[in-house]
Amino acid sequence: MINEEYYVWTEDCQFGLLDAVNELTETVQNKRELLSVDETLAYRITTQGDCKSLADVYYSPKFLLSEKLYALLHPLDLPYVQFIPANIEQLSAKFYLLKVINFISLIDEKKSKVTIRRGNIKNVDRFLLSSELANINLTDRLIFKVGHSPVTVVHKSIVDSLNADNLQGVHFVPVTAWSAWAGAR
C-alpha cells in the first residue's frame, strides 16, 4: 500500500529555532518557486534548544540542512527541490535551505482532514495518500509537499538512507501515524 512507503519530515526543535535575519532570506524561503539566489541566506537562532550539539537540521520553519545532510541529498538530483546556501549567525558551519516546490495533492479525501482553499490543500491535520500516487514516476515523488501545505513527505528509500547516517535533528513519522497534533517531537 502506498501509505507505507512514505514518512512526514517533522521538526525536532531540541536544537533551537531560527528566524530570517533579513528581507531577502524571508522572501526566498517563502516563495513557492525555484529561484536564482546569488547570496547566502542569513538566519539566527532565536530560541535556544535543550541540546547544545550541532544539528543536521534546524527549522525556520523551513528546513536548514547541514553540509553532511546536503551531501546525502544533493546527488539524488531531486526534481523541484533546491538547496540554497545559508548561514546561521551563531554557528560557523555551512547550511543549505531545503526548498521543496514539488506539490502533490493526491490524498484520500475520505480519510484525510485538510483545509482546501481555491482548490489547493493549504493546511493538513491528518492525511492518507491516494493509491493514484503510484501512477507518478518514483523519482518525481521522492520528496514533495502535500498540496500547498507545509507538510513535507519523503519516500521510504530516502528515509532509510538518512536514518543509517546517524543524523542529529532529523525525524520522520510514518504517514499512517502522523497528525498535525502528534507529528512533531
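The legends below describe close-up views of a predicted model.

**View 1. Confidence across the protein.** The mean pLDDT of the protein is 91, and 98% of the residues score at least 70. Strand β12 has the highest confidence, at a mean of 98, while strand β4 (residues 57–59) has the lowest, at 87.

**View 2. Strand β12 and its neighbours.** Strand β12 (residues 152–155) directs Thr 152 and Val 154 one way and Val 153 and His 155 the other, and all are buried. In a regular strand, side chains alternate between the two faces of the sheet. Strand β1 (residues 6–10) runs antiparallel to β12 and is joined to it by 3 bridges; Tyr 7 has Val 154 as its bridge partner in β12. Strand β11 (residues 143–146) is also antiparallel to β12, again with 3 bridges, and here Lys 145 is partnered by Thr 152.

**View 3. The hairpin of β11 and β12.** There are 5 residues between the two strands, and Gly 147 in this hairpin adopts a positive phi near 55°.

**View 4. Aromatic pairs of Tyr 70.** The protein has 8 aromatic pairs. Tyr 70 and Phe 83 are both buried. Tyr 70 is also stacked with Tyr 96, at 3.8 Å centre to centre and 10° between the planes. Tyr 96 counts as buried because its relative accessibility is 10%, under the 20% cut-off.

**View 5. An aromatic cluster.** Trp 9, Tyr 59, Phe 63 and Phe 172 belong to one aromatic cluster.

Notes. Residues numbered from 1 in each chain as written. Predicted model: local features only at pLDDT ≥ 70, side-chain atom pairs only at ≥ 80, totals over all residues. Heavy atoms only, no water. Buried < 20%, exposed > 50% of the residue type's maximum accessible area, 1.4 Å probe, protein only. Helix = DSSP H or I, 4+ residues; strand = E, 2+ residues; numbered from the N terminus. Pairing = 2+ DSSP bridges. pLDDT = per-residue confidence, 0-100. Phe/Tyr/Trp six-rings, centres within 6.5 Å; stacked < 30°, edge-to-face > 60°.
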